[in-house]
Amino acid sequence: MSLTRKTFTVTGMSCASCALNSQNILRKQKGVESAEVNYANSEGTVTFHPELISLPQMKTALQSIGYDMLSDDSESKEKEELVNLQLQELRIKTFGSIILSVPVFIIGMFFKDLPYCNLIMMGLSAPVVFWFGRSFFYNAFKQLRHRTVNMDTLVALSTGISFLFSTFNTFYPGFWIRRGMEPHVYFEAASVVIAFILLGKLLEEGARANTSSAIKKLMGLQPKTVILVTTDGQEIATPIAQIQTGDLLLVKPGEKIPVDGVVTSGSSFVNESMISGEPIAVEKSNGDLVYAGTINQKGSFRIIAQKVGGATILARIIQMVKEAQGSKAPVQKLVDQIASVFVPVVMGISLLSFLIWFFAGGPNSLTHALLALVTVLVVACPCALGLATPTAIMVGIGKGAEAGILIRDAECLELARNVNAIILDKTGTITQGKPEVTEFITASSVSDDTEMREVLYGIESQSEHPLAEAIARKLKEDHCKQATIERIESITGKGVTAKYKETVYLAGTLSLLDDYGIRLSAEELKAGDDLQKKARSVIYFTDDKKLLATIGIADKIKPTSAQAIHELQQEGIEVYMLTGDNTQTAAAVAKEIGLKFFKGGVMPAQKAEFIKELQKEGKIVVMVGDGINDSQALAQADVSIAMGKGSDIAMDVAKMTIISSDLLLIPKAFKLSRQTVSTIRQNLFWAFIYNLIGIPLAAGILYPVNGFLLNPMFAGAAMALSSVSVVGNSLRLRFSK
């Protein structure tokens with residue numbers, strides 16, 4: 001029997017245990033060989049026998065335990081709509097709960113003698129607990145059905161019991177008064193807990209909502225329709241899905257190339273930066289290969305489709321980014337790891353406290369048992385735990401943004417502390433990413449430099465070649481005027497010829513000069529060779545007799561690149577440069593910035609493979625890039641950093657973005673990561689210390705010693721204090737250097 005592998009979106013998950021439950025139900029289905037569900041990107045990948053089970057049957061299985069799946073056809077649109085709807089609902093719940101909780105908290109803390117205060121607090125907190133916080137109860141019930149517990153379980157128990165206990169005390173206060181005790185209510189504790197936890201979930205969901213946008217933008221590089229040339233020469237707009245290998249297609253100026261193919265007629269320059277990462281467009285003519293997603297610039301040409309659909313390089317990039325993102329199982333946060341033990345332990349302690357007090361509590365055993373049960377659940381409420389990570393991240397992100405560093409999530413912060421290898425793309429990362437004239441050497445024989453430059457400006461301004469555009473831009477910046485050129489002709493792969501005032505001018509390579517019999521002196525040839533050794537593209541400008549100027553064009557290295565690389569090396573981090581540019585250029589750049597490890601002519605897939613090799617050696621790898629071509633490597637790396645002036649797709653895939661594209665900010669980003677993670681761990685320490693002290697006191701451990709019992713009201717105040725301490729510690733991060 002054949003095996004089929006499918007990836008689809010799983011909806012309805014609210015935590016990592018949801019992913020585990022949906023994964024387990026899929027694995028139990030007959031015909032399923034393997035199943036993996038990733039909570040981080042809400043995707044499931046299943047390998048199955050289509051003869052034994054279908055996708056609709058898997059969908060039914062998921063629906064039976066409260067989840068769902070989206071089909072391939074509807075996934076992109078439906079998933080986007082679903083994510084937006086869920087975020088909107090969560091915002092409403094969060095802000096609604098905060099608005100209602102504030103007056104409850106104020107009344108509960110400062111206006112307990114207000115007439116009907118208990119009824120007012122109950123009326124305000126009820127919608128917070130049972131409407132805005134209903135998902136906690138629903139998810140806790142789902143966990144109960146599968147005999148598991150999570151943070152939702154503890155939130156539902158603590159807030160639910162606190163609310164019901166307070167409601168009982170509101171309507172039947174005499175029950176406690178007759179037993180010599182005051183009937184306290186804890187509506188504010190239940191309400192504030194829900195508000196804080198919802199705020200934490202909103203922060204988490206907001207960070208996760210954009211994980212699919214990079215894939216969506218990559219898919220957007222492929223046009224929906226193409227122009228198919230029929231056997232009788234007709235040009236018909238055809239959906240891309242109907243194109244087959246061997247079809248003849250027309251690509252017009254400015255259009256994205258739809259498939260991988262071979263040029264059969266016409267010529268143009270194609271921007272292949274998504275493949276090579278290099279800014280200089282590549283000339284394409286008869287017999288040259290072109291790739292899906294690259295952009296045709298000014299000319300038109302026809303191509304024969306060689307690879308279509310999932311076989312194109314663009315499709316493979318999309319798939320590799322998906323796999324790299326999905327293969328990295330989300331690093332479970334420390335809170336969730338401890339909570340998997342913490343929650344059942346707290347529940348067990350509260351129940352044990354109830355039983356001990358019930359059987360050994362004397363005359364008021366039931367009273368003490370109920371108070372101990374509620375107090376343990378209230379004091380152990382995970383409010384501080386829920387705030388520990390998001391508050392530190394909020395402050396860390398704010399501080400980073402002020403310095404021009406955008407940090408996407410806590411996972412990359414955790415890993416950034418241990419980074420020992422960093423890979424840098426060249427173009428747009430180490431260099432400016434824009435061809436510029438670096439040397440303009442006027443020949444000694446030129447008598448009128450101004451006229452020479454005006455003629456050159458007139459010629460290059462009419463050319464579509466990226467190097468010509470760099471020269472034209474330089475001359476424009478120098479406030480040169482344009483001469484009116486009578487005739488201009490492009491010579492494929494060599495340059496251009498032009499006529500001005502009955503004189504023929506050439507601008508191009510040595511080969512072009514040879515074709516027209518222009519000979520350079522040894523000194524002039526040496527000047528060009530020296531430029532090439534510095535990894536410059538050289539353009540010679542001549543009239544029909546002699547050299548007028550030698551122009552060197554390069555992608556300049558950013559002023560701070562060398563210093564940033566030195567700082568990284570000083571921290572013991574191995575720095576590598578991988579580039580799609582030729583090895584000669586890579587070597588020249590590496591020498592200039594003091595870099596030992598570099599590779600030229602590297603394709604996107606090779607960058608990702610290089611990262612995998614380093615990871616197999618046990619290294620924590622950072623990838624820094626700015627182009628679409630870097631997206632695979634960015635997704636594969638443990639920590640990914642995008643340069644903000646580059647591709648939007650690179651920034652969406654990356655976990656960090658350097659807005660100003662200044663490499664010096666990368667060492668600063670690592671330092672900020674260490675500070676933020678340290679703050680998170682401090683927060684968690686105080687949150688758990690609070691619980692380690694508070695829970696035994698709430699259970700009555702000191703009662704046999706000195707008769708001390710923790711009042712639930714003080715437990716609620718302690719819970720609030722723990723939250724304040726966590727927030728205060730996070731704010732302290734703002735003032736650290």
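User: Which residues does Glu439 touch, not counting residues up to four places away in sequence?

Analyst: Happy to start there. This is a predicted model, and in it Glu439 touches Leu531, Lys534, Arg536, Thr550, Ile551 and Gly552, leaving out residues up to four places away in sequence. Glu439 itself lies in strand S16, residues 431–442.

User: Is Glu439 buried or exposed?

Analyst: The cut-off for buried is under 20% relative accessible area. Glu439 has 15% relative accessibility, so it counts as buried.

User: Which way do the residues of S24 point?

Analyst: The general idea first: in a regular strand the side chains alternate between the two faces of the sheet. In S24, Val621, Met623 and Gly625 point one way, while Val622 and Val624 point the other way, and all are buried. Five of the five residues of S24 (residues 621–625) are buried, so this strand is largely enclosed by the rest of the structure.

User: Which strands are joined to S24?

Analyst: Strand S15 (residues 421–425) is joined to S24 by four bridges, running parallel, and Leu424 stands opposite Val624. Strand S25 (residues 639–643) is also parallel to S24 and joined to it by four bridges. There, Gly625 has Ala642 in S25 as its bridge partner.

User: How many residues are in the largest nonpolar core?

Analyst: As a general idea, nonpolar side chains tend to be buried together in soluble globular proteins. In this model the largest nonpolar core has 37 residues, and those with the most contacts inside it are Ile422, Ile430, Val624, Ile641, Ile666 and Phe670. Helix H26 gives the largest share of this core, six residues. Apart from it lies another core, of 28 residues, among them Ala443, Tyr457, Leu475 and Cys480.

User: What is Ile422 in contact with, leaving aside its neighbours within four places in sequence?

Analyst: The contacts of Ile422 include Leu568, Val624, Ile666 and Phe670.

User: At what angle do H21 and H26 pack?

Analyst: H21 (residues 561–570) and H26 (residues 665–699) pack at about 35°, and their axes are 8 Å apart. Ala564, Glu567 and Leu568 of H21 meet Ile666, Pro667 and Phe670 of H26. The residues of this contact divide into five nonpolar, no polar and one charged.

User: Where is Lys481 found, and is it buried or exposed?

Analyst: Lys481 is in the loop between helix H18 (466–477) and strand S17 (487–491). Its relative accessible area is 61%, so Lys481 is exposed. Lys481 touches Glu454 and Tyr457, not counting residues up to four places away in sequence. Tyr457 and Lys481 are 24 residues apart in sequence and 7.4 Å apart in space, C-alpha to C-alpha.

Definitions and conventions
Residues are numbered from 1 along each chain as its sequence is written. This is a predicted model: local features need pLDDT of at least 70, side-chain atom pairs count only at pLDDT 80 or more; totals for chains, interfaces and linings use all residues. Side-chain values use heavy atoms; hydrogens and water are left out. Axes are lines fitted to C-alpha atoms, for helices over the stretch in contact, and angles run from 0 to 180 degrees between N-to-C directions. Helices (H or I, at least four residues) and strands (E, at least two) are DSSP runs, numbered from the N terminus. Contact means heavy atoms within 4.5 Å. Ala, Val, Leu, Ile, Met, Phe, Trp, Tyr, Cys and Pro count as nonpolar, Asp, Glu, Lys and Arg as charged, and the others, Gly among them, as polar. A nonpolar core is a set of buried Ala, Val, Leu, Ile, Met, Phe, Trp, Tyr and Cys residues joined through side-chain atoms within 4.5 Å. Buried means under 20% relative accessible area, exposed over 50%, partly exposed in between (1.4 Å probe, protein chains only). Two strands pair if DSSP finds at least two bridges between them.
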